[in-house]
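Please examine the sequence and the three-dimensional structure shown below. The paragraphs that follow lead through its main features step by step.

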Amino acid sequence: MKRKHSHCTQLDEFGIFTKINCTLTIKQVAELCFKSVRTVTLWNQGKRPIPPECVRLIRIYQRRELGTDNQWSGFQMMGDVLVLPTRQAITPQQLLIAIGVLEISAESDRVCSSRIVRCARAIQNINNSRRS
């Protein structure tokens, strides 16, 4: 079994976890999913299927997906910031300020901000289609 780090039990790079791009150790996955190291080892060896809820939990933990709805496509967590599809990093404080501004704004501001969001999503879709 190839190991990325000799000091820890790293998941086999050819194992089942490669399919979900998991870079956590077996012990980390076991703790995250509330499973035993033995169970996770069996998943990695392909002897047992990985429960879908554990796959989603691993992906969320590794910041690969934020939700199941397509509206979250392109959003991700990197450290302590939310990265938007436009690649802008937003801190929790910035997000709270933005929500506050939206709550106290006039109806015309809400209409304008709704149009801006639609345009930003359209631009992101165009950028995504160019990459494909």
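How many disulfides does the structure hold? This is a predicted model, and the structure holds 0 disulfides. C54 is in no disulfide, and the nearest cysteine sulfur, that of C33, lies 3.7 Å away. Another cysteine to consider is C119. With a relative accessibility of 48%, C119 counts as partly exposed.

The overall plan of the chain may be considered next. The secondary structure of the protein chain comes to 5 helices and 3 strands. Read from the N terminus, the elements run α-α-α-β-β-β-α-α. The protein chain has 132 residues, of which 24% count as buried. Its accessible surface comes to about 9,800 Å², and 55% of this surface belongs to carbon and sulfur atoms. Among the contacts with a separation of 6 or more, 31% are accounted for by residues 24 or more positions apart.

Strands of a sheet pair through backbone hydrogen bonds, and the pairing may be parallel or antiparallel. Here, 3 strands form an open sheet in the order β1-β2-β3, with antiparallel pairing. β1 (76-78) and β3 stand at the edges with a single partner strand each, so one side of each has no neighbour in the sheet. The antiparallel pairing of β1 and β2 extends over 3 bridges. Within this arrangement, M78 stands opposite V81 in β2.

Finally, the backbone may be considered. Most residues other than glycine have a negative phi. Which sense does phi have at F34, positive or negative? F34 has a positive phi of about 55°, although F34 is not a glycine. This residue is placed in the loop between α1 (26-33) and α2 (37-44). F34 counts as exposed because its relative accessibility is 77%, and the limit for an exposed residue is over 50%. R87 is likewise not a glycine and has a positive phi, of about 75°. The place of R87 is in the loop between β2 (81-83) and β3 (89-90). With a relative accessible area of 57%, R87 is exposed.

Technical notes:
Residues are numbered from 1 along each chain as its sequence is written. This is a predicted model: local features need pLDDT of at least 70, side-chain atom pairs count only at pLDDT 80 or more; totals for chains, interfaces and linings use all residues. Side-chain values use heavy atoms; hydrogens and water are left out. Helices (H or I, at least four residues) and strands (E, at least two) are DSSP runs, numbered from the N terminus. Buried means under 20% relative accessible area, exposed over 50%, partly exposed in between (1.4 Å probe, protein chains only). Contact means heavy atoms within 4.5 Å. Accessible areas come from the Shrake-Rupley method with a 1.4 Å probe; for residues, only the protein chains shown count as cover. Two strands pair if DSSP finds at least two bridges between them. A disulfide is a pair of cysteine sulfur atoms within 2.5 Å.
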